[in-house]
Structures are given as structure tokens and as C-alpha cells.
Amino acid sequence: MTALYIDGDACPVKAEAEKVATRHRVQMYVVSNGGLRPSQNPLVETVIVAEGADVADMWIAERCGPGDVVVTGDIPLAAKCIEAGARVLRHNGEAFTQANIGQQLAMRDLMADLRAANPLGAGGSGKGFTKADRSRFLDSLERELRAARR
């Protein structure tokens, strides 16, 4: 049975994910360490985990598997979920896959090393989240849920 797991901390597409999950009648878990308003939707369960680094990530990684879809921006979590057999999307609709997760992890590590080597360097916040990102996410989630349920 397919489930949708949302890494809820700083996720800009929770409402969109809920609409798609509801349309497909898929159980959705929004996992965070608090501060989220619970949904009244019976298909959406808000899971509050203990404070601590990566506790929400561990909760998701321990439960997801083949036929599930995970939404996260966390690359190490994405790698664990892919290893467990789940389909994984970023908030902007880009898919993490077996083919690209190694490169994603390597780039993440390289960027962390570059930031550590230059602590006074510019630390921009990256590009903003756009309507196009939101639209791409909706299309991708629709496609991934259909594929996961096959």
C-alpha cells in the first residue's frame, strides 16, 4: 500500500501534496519536530518527533519502502529512501534517483567543504521558490504516485 512521506520542516508544498494524496486516497505523513498546524484531513497524519538532529529523517527512512513516495530537500535522507526502494522528490519536483543520488551527495559534500574552507565567504540563500517550481512539483508528484501504485 502506497504512502506519501513529507519531510515537513521547511517544506513549501505540504498543501499541494495533501491535494494530490487526497485525490489518490493515499495516506500522507507530515513529519517534523513541531510547529506545524495539523491537517483535518483523515488521510493526513502529522507526526511530531523528538527534538534532535535528523530525528524526523530517521523516522521517515525507517518506514518508507517500495511503492512509497518521499518529498524532501535533504540529500542524505533521499539516499536512504532510495536505498529502501522509495521514490523521492525535491520540493521543486526534481526526482532523486539511483542514477543521480551519488552525484547529488558528492556535490553536497563538495559545497560543505568549500563553505568550511572560506567561513567569511558569501553564503547566499540560493534561488527562491517559484510558481513554476510549485507547478513542476504537482506534475511530478502526480506522476510518481501513479507509478508507485502500479
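Author: Strand β1 (residues 3–7) and strand β2 (residues 27–32) pair in the parallel sense, with five bridges between them. This is a predicted model, where local features need pLDDT of at least 70 and side-chain atom pairs count only at pLDDT 80 or more, while totals for chains, interfaces and linings use all residues. Residues are numbered from 1 along each chain as its sequence is written, and side-chain values use heavy atoms, leaving out hydrogens and water.

Reader: What does it take for two strands to pair?

Author: Strands of a sheet pair through backbone hydrogen bonds, either parallel or antiparallel. Here, DSSP must find at least two bridges between them; strands are DSSP runs of E with at least two residues, and helices are runs of H or I with at least four, numbered from the N terminus. As one example, isoleucine 6 has valine 30 in β2 as its bridge partner.

Reader: In what order do the six strands lie in the sheet?

Author: The order is β3-β2-β1-β4-β5-β6, in an open sheet with mixed pairing. At the edges, β3 (44–48) and β6 (95–96) each pair on one side only.

Reader: Where is arginine 90, and is it buried or exposed?

Author: Arginine 90 sits in the loop between β5 and β6. Buried means under 20% relative accessible area, exposed over 50%, and partly exposed in between (1.4 Å probe, protein chains only). Arginine 90 counts as buried because its relative accessibility is 19%. Leaving aside residues up to four places away in sequence, arginine 90 touches Thr72, Ile75, Phe96, Gln104 and Phe137, where contact means heavy atoms within 4.5 Å.
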